[in-house]
Amino acid sequence: MSGSVTGLPTIAITMGDPAGIGPEVIMKALAHGEVLAICQPLVIGDAARLRQAGRIVGSDLAVEALDSAADAHFPSRAVQCVDLKLVPPDLPFGKVSAIAGEAAYRYIEKAVEVIKAGFADAICTAPISKEALHAAGHKYPGHTELLAFLTGTPEVSMMLVSPKLRVIHVTTHIGLIDAIAKIEPGLVERVITRGHDVLVKAGIANPKIGVCAINPHAGENGLFGHGEEAAKITPAIEACQAKGWDVRGPLPADTLFYLAGRGDFDMVVAMYHDQGHGPIKVLGLEAGVNITVGLPVIRTSVDHGTAFDIAGTGVADERSLIEALRQAVGLAPKRVQIH
């Protein structure tokens with residue numbers, strides 16, 4: 001893999017949208033001793049923007065601009081940055097732009113190259129703006145789909161992790177009506193399988209998995225909806241149970257998240273974006289981490305957006321990035337675990 005000098009995994013950190021809070025939370029996070037104690041952080045971004053962000057947040061960390069990941073020095077107190085030199089000095093914080101969207105895309109693209117070349121063990125992503133990404137001509141709904149394309153992966157799943165809850169999604173960045181139409185037994189079974197596999201690799205021998213219904217009260221025996229639970233979800237659950245897995249449902253989402261939050265389930269399978277994101281975000285954005293499951297590389301991310309409204313002010317909270325780095329370390333090859 002990365003040929004680590006310290007024996008710690010190297011985590012490629014993409015800078016995200018340079019007009020957002022990514023550069024600031026990176027500089028804040030890398031000032032924490034606990035981060036350097038668990039990994040070798042390698043930023044993929046723009047060194048000048050990181051230095052600017054460092055001044056904004058009052059950091060005394062130096063930033064070393066690298067032409068290649070092969071030039072990184074570890075251990076080092078200076079932030080190691082593969083410098084793509086894509087951000088003009090006058091790019092404003094807090095505004096959507098095609099320039100920033102193009103840069104965000106190139107950081108992710110370079111991170112995948114760095115991983116494939118063996119210079120890093122996992123990717124941790126700072127937030128991007130979908131609007132800026134689209135303005136630059138890259139028509140992807142988000143990181144998950146973009147990374148799937150760049151790695152040639154036909155299907156991946158989004159898992160959100162907080163200290164008390166793990167949620168994997170059957171559908172993500174599509175409208176609710178489209179999501180219901182897309183849900184079918186094969187897809188549900190594949191998502192359950194991806195979630196089950198990552199938990200087993202993380203050391204949970206027989207994970208307890210709860211599967212959400214689509215309709216209120218799980219359809220109440222046909223009273224709500226049009227039989228979606230029986231047609232779209234139950235066959236997948238039965239197929240997984242036939243493998244000897246502890247999979248239960250479909251269960252009413254409100255009840256299931258309560259039970260999972262108190263520890264009755266190791267993972268919840270949500271049917272659509274807001275069904276899964278809402279409970280995680282209620283628990284606190286600073287604790288949430290986004291993990292893409294099914295890629296040939298480990299990828300974690302902060303569970304918040306670019307926060308254009310506060311970008312450039314120095315007040316952004318770095319705790320979600322620190323947690324995302326911790327999860328990346330835990331999931332990196334030969335060190336697989338989820339806490």
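Buried denotes under 20% relative accessible area, exposed over 50%, and partly exposed the range in between (1.4 Å probe, protein chains only). The model is predicted: local features need pLDDT of at least 70, side-chain atom pairs count only at pLDDT 80 or more, and totals for chains, interfaces and linings use all residues. Residues are numbered from 1 along each chain as its sequence is written, and side-chain values use heavy atoms, with hydrogens and water left out.

**Cysteines.** With a disulfide taken as a pair of cysteine sulfur atoms within 2.5 Å, the whole structure contains zero disulfides.

| Cysteine | Nearest cysteine sulfur | Relative accessibility |
|---|---|---|
| Cys 124 | Cys 39, 8.5 Å | 0% |
| Cys 240 | Cys 212, 15 Å | 0% |

Cys 124 and Cys 240 both count as buried. The sulfur of Cys 240 is too far from that of Cys 212 for a bond.

**Helix H3.** Helices (H or I, at least four residues) and strands (E, at least two) are DSSP runs, numbered from the N terminus. In H3 (residues 47–57), the buried residues are Ala 47, Arg 49, Leu 50, Ala 53 and Gly 54. Because they cover an arc of only 155° around the axis (from directions to the C-beta atoms), they lie on the same side of H3. The face turned away from that side carries the exposed Ala 48 and Arg 55. Gly 58, which follows H3, has a positive phi near 75°.

**Largest pocket.** Its lining comprises 21 residues, with Ile 128, Lys 130, His 173, His 304 and Gly 305 nearest the centre. A pocket is an open set of points on a 1 Å grid over the protein atoms alone, where a 1.4 Å probe fits, with protein on both sides within 12 Å along at least five of seven lines; lining residues have an atom within 4 Å of a point. Helix H6 (143–150), helix H11 (273–282) and strand E12 (298–302) each supply at least two lining residues.
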